[in-house]
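The questions below are meant for a reader who meets this structure for the first time. Please look at the sequence and the 3D view before reading on.

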Amino acid sequence: MAAKLQAPRGTFDVLPEDGERRTALRESADALLGLAGYAPFETPVFEDTEVFARGVGQSTDIVQKEMFTFEDKGGRSLTLRPEGTAGACRAYVEHGMHKLPQPVKLRYWGPFFRHEAPQAGRYRQFNQIGAEALGSDDPSLDAELILLLAELLEEAEVDCRLRLSSLGNADTRAAYGEELRTYLRSRQDQLSDDVRGRIDANPLRAFDSDHAGTKAVMVEAPLLLDRLDSEDAEHFAEVRAFLDDAEQEYDLDPTLVRGLDYYTRTVFEFESPALGAQSGVGGGGRYDGLVAQLGGPATPGVGWAAGIERILLAGSPGGELALPVAYVAVTDADQRRTAFKITEALRGQGVQAQMEQAGRSMKGQLKHADRLNATHVVVVGEQIEVKDMDTGEQRPVADINELLTRVAL
Ligand code: AMP
């Protein structure tokens, strides 16, 4: 017998009930980001591998271990996108978007791919909603984006906390990197093998470690937030002032390290305790060097991405719709064409309507109407009656107009 076919490891099917919740989330995100001027935008799900190698950074886990990379028939190295910002910047350069009025504000929604060990809330194909603002380093953009994500999560009823920090600019970071390397080397016998092996490549990742010895070393480590130059410190102070004015709460967390190399200045992450080990719901920051790194003109940028599955796991987007739902029951097979027309007419009035399409008995039809949470059942037989599912009352209607008014109100 042939082996049973299943969705590949780390992937999942979206079944109808979940599909409804995703649609509700998407609608609320589109409305929220649209109001702030973030326009819908898409890039391909695969890019030249170089986009991520250069953009995300060679020393990151994503590039070193997690990319789905393959050769196409022409021998080009392609990679399924592990994140959205590098592709957005590639597109910004390719389409000369620096010539548009700045900032260019973009929003996206779609699948991303990382070859990680699957567990609850962590998949190999997952979906993100993201927003990016390119072409301005105004701190109000950092604050605006943080507040938009906070609002999105609040609307989706995700209980979470915001961690916030600043990484400064490339020079400060390089100088601080040296200081941190020297510090880590001085205590390297206490570090995990993994962290010790990456002192040269990426010392910041030591703050991410769960290893007890490393954690103890990091408590006394020098902090980048104490080394910011005056411009970056001023920028960060302005971001914080906007957030304070909006009464947005956050934890200032100088140890916040994101798993991508391109960040400069502001970085932030929303975490939900409801999610357990995979607590990151969404995060982002400023990436003022990324466009130039991908071959474009020097262009500042800031943005975030949030995991759709994690939002759905931690929250409950989209309350119950209070719209009427009609079920059109048929007692006499000769009346099916009438029932079909009534169903169409109800939909034309904005009523969610379905007719009997599986040959059920009248009793079975009423049971099914209940399952669908119908507010009304239209019973189509020799005469047409409407049953109000709330009161249980069932009365005949004189004509289609009366039917539509009784169901739609
Ligand atoms: P990152 O850019 O890595 O911070 O990812 C942004 C968001 O995407 C995270 O906060 C998660 O919500 C989500 N995410 C990242 N990786 C995965 C994954 N493997 N499975 C599910 N969601 C993910």
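What follows is a set of questions and answers on the ligand site, the salt bridges, the surface and the backbone. This is a predicted model, in which local features need pLDDT of at least 70, side-chain atom pairs count only at pLDDT 80 or more, and totals for chains, interfaces and linings use all residues. Residues are numbered from 1 along each chain as its sequence is written, and side-chain values use heavy atoms, with hydrogens and water left out.

Q: Which residues come nearest to the ligand?
A: A residue is near a molecule if one of its heavy atoms lies within 4 Å of it. There are 15 residues around the ligand. Those that come nearest are R114, E116, Y123, Q128 and V281.

Q: How much of the ligand's accessible area does the protein cover?
A: Backbone atoms of the protein make polar contacts with the ligand (pairs of N or O atoms within 3.5 Å): a backbone N or O atom of Y123 lies 2.8 Å from a ligand nitrogen, and one of G280 lies 3.1 Å from a ligand oxygen. A polar backbone atom of V281 is 2.9 Å from an oxygen atom of the ligand. On its own the ligand has 480 Å² of accessible area (Shrake-Rupley method, 1.4 Å probe), and the share that the protein covers is 91%.

Q: Which element gives the largest share of the shell around the ligand?
A: Helices (H or I, at least four residues) and strands (E, at least two) are DSSP runs, numbered from the N terminus. Strand 6 (125-134), strand 10 (280-286) and strand 11 (301-307) are the elements that give two or more residues to the shell. The largest share, three residues, comes from strand 10.

Q: Which residue meets R107 in a salt bridge?
A: Side chains of opposite charge can pair when their charged atoms come close. A salt bridge is a side-chain nitrogen of Lys or Arg within 4 Å of a carboxyl oxygen of Asp or Glu, and the structure holds 32 of them. In one, the N to O distance is 3.0 Å, and it links R107 in strand 5 (residues 104-113) to a residue of helix 1 (residues 16-35) that is 77 residues away. The partner of R107 is D30.

Q: Is R107 buried, partly exposed or exposed?
A: Buried means under 20% relative accessible area, exposed over 50%, and partly exposed in between (1.4 Å probe, protein chains only). D30, at 25%, counts as partly exposed. Because its relative accessibility is 14%, R107 counts as buried.

Q: How far apart are the closest N and O atoms of R198 and D194?
A: R198 is buried at 13% relative accessibility, whereas D194 is partly exposed at 48%. The two residues form a salt bridge, and their closest N and O atoms are separated by 3.6 Å.

Q: Which residues make the nonpolar surface patch of about 230 Å²?
A: Such patches are made of residues with over 30% relative accessible area and no salt bridge, nonpolar side chains (Val, Leu, Ile, Met, Phe, Trp, Tyr) being joined within 5 Å and like charges within 9 Å. One member, F46, is found in strand 2 (residues 46-48) and is partly exposed at 41%. The patch is made by V45, F46 and F70.

Q: What is the omega of the cis peptide bond from Q102 to P103?
A: P103 is found in the loop between helix 4 (85-94) and strand 5. The peptide bond that leads from Q102 to P103 is cis, with omega near -5°.

Q: What is the phi of R265?
A: R265 is found in strand 9 (residues 264-271) and is buried, with a relative accessible area of 10%. Its phi is positive although R265 is a residue other than glycine, with a value near 50°.

Q: What is the phi of E247?
A: E247 lies in the loop between helix 9 (230-245) and strand 8 (251-252). At 71% relative accessibility, E247 is exposed. E247 is not a glycine, yet it has a positive phi of about 55°.

Note on methods. Polar contact = N/O pair within 3.5 Å; in protein donor to acceptor, adjacent residues only side chain to side chain.
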